[in-house]
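The following paragraphs examine aromatic contacts, a pocket and a loop in turn. Please keep the sequence and the coordinates at hand while reading.

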Amino acid sequence: MSTVPTTGPATPAAEATSSAGAARAATRGPAARSPRSGSGGLFVAPFLLFFGLFLLVPLVYGLWMSFTDASLTGHGDSSFAGLGNYAEALTDPEVWKSLGNTAVFTVLSSVPLVVLALAMALLVHANLPGQWLWRFAFFAPYVLPVAVVWQVWSMMFQPDLGLVNNFLHAIGLDGVGWLVDEKWAMYAVVLVTVWWTAGFNFLLYLAALQAVPDHLYEAAALDGAGAWRRLWSITLPQLRRTTGLIAVLQVLASLKVFDQIYLLTRGGPNGSTRPILEYIYDTGFTGYRLGYASAVSYVFFAILVILSLAQFKLFSRKEA
């Protein structure tokens, strides 16, 4: 036989319990309540606003412009060109020449910027006397603005009074037209770039070296491993991920070179140092062909995406 529950008058104990629960609920402030879903959007809204206005909108507008005959003079903005700009870009010899200059600069600058940065980090990590001076000397050029770097090195590369040619004369060698000779201009730009930007990679390597566990070196020393064996068997393998990151970042940075070349050589002599970004700049703001410049920039963007994916896949495969 089932029992049917009945409701009766509340007992004093039940009333006290109910009153205590109500009091606790009343004393809880807004901080004790669960956060409302979506409240984080208020914090990211300013970023999303600026991200949309200054990145997404120009990106979409530039893509649309690449299919038109837009001009900086305002003529032809509404003229739809279809894929004509892209077809012209793929057959333009100046595009391929500037891409070749960019590739040469990337190869010549990326390798020493990785190897030299590693050597500098190893030197500082070796606990030599005056470490603060080594750190300052290696990293200080990186914080200089490009205008200062241009002023310093343009004077050093002067054919007659420059410090570099005076040094060559002092050791019995002939001077070189560093910024006016097609044979040497690219090497001059690479030299300036390595001196200027190696500090950033040096800092990444130094941080990675300080994270290597000391017990690995202690165990290797107990086994009789020398300095070179510890370098090849412990240090370099522990820096594999950092090296992959630096290589990817450095290749992308070298492919986007513009400032130092534009200030030092203006892409000369005879276009021997003009990178693809300077060609895009000249086409859009000197030749007034914004539509065609946009198409070339998106071709270059596609190349960057393909190279980035290839690099990440290569390093991830090596890591696996």
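In this predicted model, Trp134 has a relative accessibility of 34% and is therefore classed as partly exposed, since that class covers values between 20% and 50%. Phe138, with a relative accessible area of 16%, is buried, because it falls under the 20% limit. Both residues belong to helix 5, which spans residues 131-139. They are four residues apart, about one turn of the helix.

A pair of aromatic rings is described by the distance of the centres and the angle of the planes. The structure holds 18 aromatic pairs. Trp134 and Phe138 make up one of these pairs, with 5.8 Å from centre to centre and 45° between the planes.

Phe139 is partly exposed, at 25% relative accessibility. Tyr142 is likewise partly exposed, at 34%.

Aromatic residues also gather in a cluster, which consists of Trp153, Phe157, Trp178, Trp184, Tyr187 and Trp195. Another kind of ring contact involves Tyr262: the charged end of Arg266 sits over the ring of this tyrosine, 4.4 Å from the ring centre.

Tyr142 leads on to the next feature. The largest pocket has a volume of about 330 Å³. It is lined by 17 residues, and those closest to its centre are Tyr142, Thr197, Gln250, Ala253 and Ser254. Two or more lining residues come from each of helix 4 (93-125), helix 8 (185-210), helix 11 (240-255) and helix 12 (259-264). Helix 8 contributes the most, with five residues. In terms of residue class, the lining comprises nine nonpolar, six polar and two charged residues.

The last stop is a loop. Thr273 is located between helix 12 and helix 13, the latter covering 276-286. Where does a residue with a relative accessible area of 1% stand, buried or exposed? Thr273 is buried, because 1% lies under the 20% limit. A polar atom of the Thr273 side chain lies 2.6 Å from the backbone oxygen of Gly268. This separation is within the 3.5 Å cut-off for a polar contact.

Key: Residues are numbered from 1 along each chain as its sequence is written. This is a predicted model: local features need pLDDT of at least 70, side-chain atom pairs count only at pLDDT 80 or more; totals for chains, interfaces and linings use all residues. Side-chain values use heavy atoms; hydrogens and water are left out. Rings of Phe, Tyr and Trp (its six-membered ring) pair if their centres lie within 6.5 Å; planes under 30 degrees apart count as stacked, over 60 as edge-to-face and the rest as tilted. Buried means under 20% relative accessible area, exposed over 50%, partly exposed in between (1.4 Å probe, protein chains only). A charge sits over a ring if NZ of Lys or CZ of Arg is within 6 Å of the ring centre and within 35 degrees of the ring normal. On a 1 Å grid over the protein atoms alone, a cavity is a set of points where a 1.4 Å probe fits but cannot get out, and a pocket is an open set with protein on both sides within 12 Å along at least five of seven lines; lining residues have an atom within 4 Å of a point. Grid points are joined across faces, edges and corners, and a volume is the space filled by probe spheres set on the points. Ala, Val, Leu, Ile, Met, Phe, Trp, Tyr, Cys and Pro count as nonpolar, Asp, Glu, Lys and Arg as charged, and the others, Gly among them, as polar. A polar contact is a pair of N or O atoms within 3.5 Å; within protein, one must be able to donate a hydrogen and the other to accept it, and residues adjacent in sequence count only if both atoms are side-chain atoms.
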